[in-house]
Amino acid sequence: NKKKMGVVLAAEALFMAAVALGVLLGAHTHQRRSLIVGILCVIFGTIMYSSPLTIMSQVVKTKSVEYMPLLLSVVSFLNGICWTSYALIRFDIFITIPNGLGVLFAAVQLILYVIYYRTTPKKQDKNLELPTITPVAKDTSVAPTSKDDNVNGSTASHVTTDITIQP
């Protein structure tokens with residue numbers, strides 16, 4: 001699993017380096033570079049915001065939001081609102097498009113959550129039983145007494161008890 005994550009991280013770093021190198025060598029004006037990087041940001045930002053929507057068909061089919069985390073939807077919605085507001089103030093289309101779509105996608109997720117929350121089965125206690133402790137007497141015979149067993153004039157008896165835990 002760590003190896004797979006390392007490969008993914010390396011691929012992302014190589015992609016970023018290729019984009020930077022390609023833009024610096026291939027586009028010679030600031031406006032052209034901004035256009036290329038902006039389009040890439042729109043594409044990948046939109047993919048990022050739309051990725052939780054892959055579960056939407058399962059939510060509708062099962063009428064359950066069990067696999068759609070509410071916190072992710074709420075945070076995506078709030079993040080999209082913040083970035084869209086900022087983009088509208090700055091009039092930056094490359095920030096407005098993916099984040100505006102992010103607000104829309106997150107709103108759809110929240111609407112689905114509201115619709116299907118009540119029909120989602122609640123998690124049951126899978127009839128978990130705690131183990132019971134049953135004492136089992138190993139040896140109930142009284143050991144012979146010695147001088148040390150005599151405490152305050154009484155004779156103590158020795159009983160060994162084993163305790164086993166049964167499921």
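**Two helices side by side, and a greasy patch**

In this predicted model, helix H2 (residues 30-50) and helix H5 (residues 93-116) pack with their axes 8 Å apart, at an angle of about 5°. Axes here are lines fitted to C-alpha atoms, for helices over the stretch in contact, and angles run from 0 to 180 degrees between N-to-C directions. That makes H2 roughly parallel to H5, a label for angles under 35 degrees. On the H2 side, the contact (heavy atoms within 4.5 Å) involves Ser34, Leu35, Gly38, Ile39, Cys41, Val42, Gly45, Thr46, Tyr49 and Ser50. H5 brings in Phe94, Ile97, Pro98, Asn99, Leu101, Gly102, Phe105 and Gln109.

Phe15, Leu35, Ile39, Ile43, Phe44 and Ile47 make a nonpolar surface patch of about 530 Å², and helix H2 supplies its largest share, 5 residues. A patch like this is built from residues with over 30% relative accessible area and no salt bridge, with nonpolar side chains (Val, Leu, Ile, Met, Phe, Trp, Tyr) joined within 5 Å. A salt bridge is a side-chain nitrogen of Lys or Arg within 4 Å of a carboxyl oxygen of Asp or Glu. Accessible areas come from the Shrake-Rupley method with a 1.4 Å probe, and for residues only the protein chains shown count as cover. Ile39, which sits in helix H2, counts as partly exposed because its relative accessibility is 41%; buried means under 20%, exposed over 50%, and partly exposed in between.

Zooming out, the protein has 5 helices and 4 strands, following the pattern α-α-α-α-α-β-β-β-β along the sequence. Helices (H or I, at least four residues) and strands (E, at least two) are DSSP runs, numbered from the N terminus. Of the 167 residues, 20% are buried. The protein exposes about 13,300 Å², with carbon and sulfur atoms supplying 67% of that area. Among contacts with a separation of 6 or more, 65% link residues 24 or more positions apart.

Lysine 63 is not a glycine, yet has a positive phi of about 55°; its place is the loop between helix H3 (56-62) and helix H4 (70-90). With a relative accessible area of 45%, lysine 63 is partly exposed. Phenylalanine 91, not a glycine either, has a positive phi of about 55° and is found in the loop between H4 and H5. Phenylalanine 91 is exposed, at 74% relative accessible area.

Residues are numbered from 1 along each chain as its sequence is written, and side-chain values use heavy atoms, leaving out hydrogens and water. As the model is predicted, local features need pLDDT of at least 70 and side-chain atom pairs count only at pLDDT 80 or more, while totals for chains, interfaces and linings use all residues.

Methods. Patch = residues over 30% accessible without salt bridge, like charges linked within 9 Å, V, L, I, M, F, W, Y side chains within 5 Å. Buried < 20%, exposed > 50% of the residue type's maximum accessible area, 1.4 Å probe, protein only. Parallel < 35°, antiparallel > 145°, perpendicular 65-115°, else oblique.
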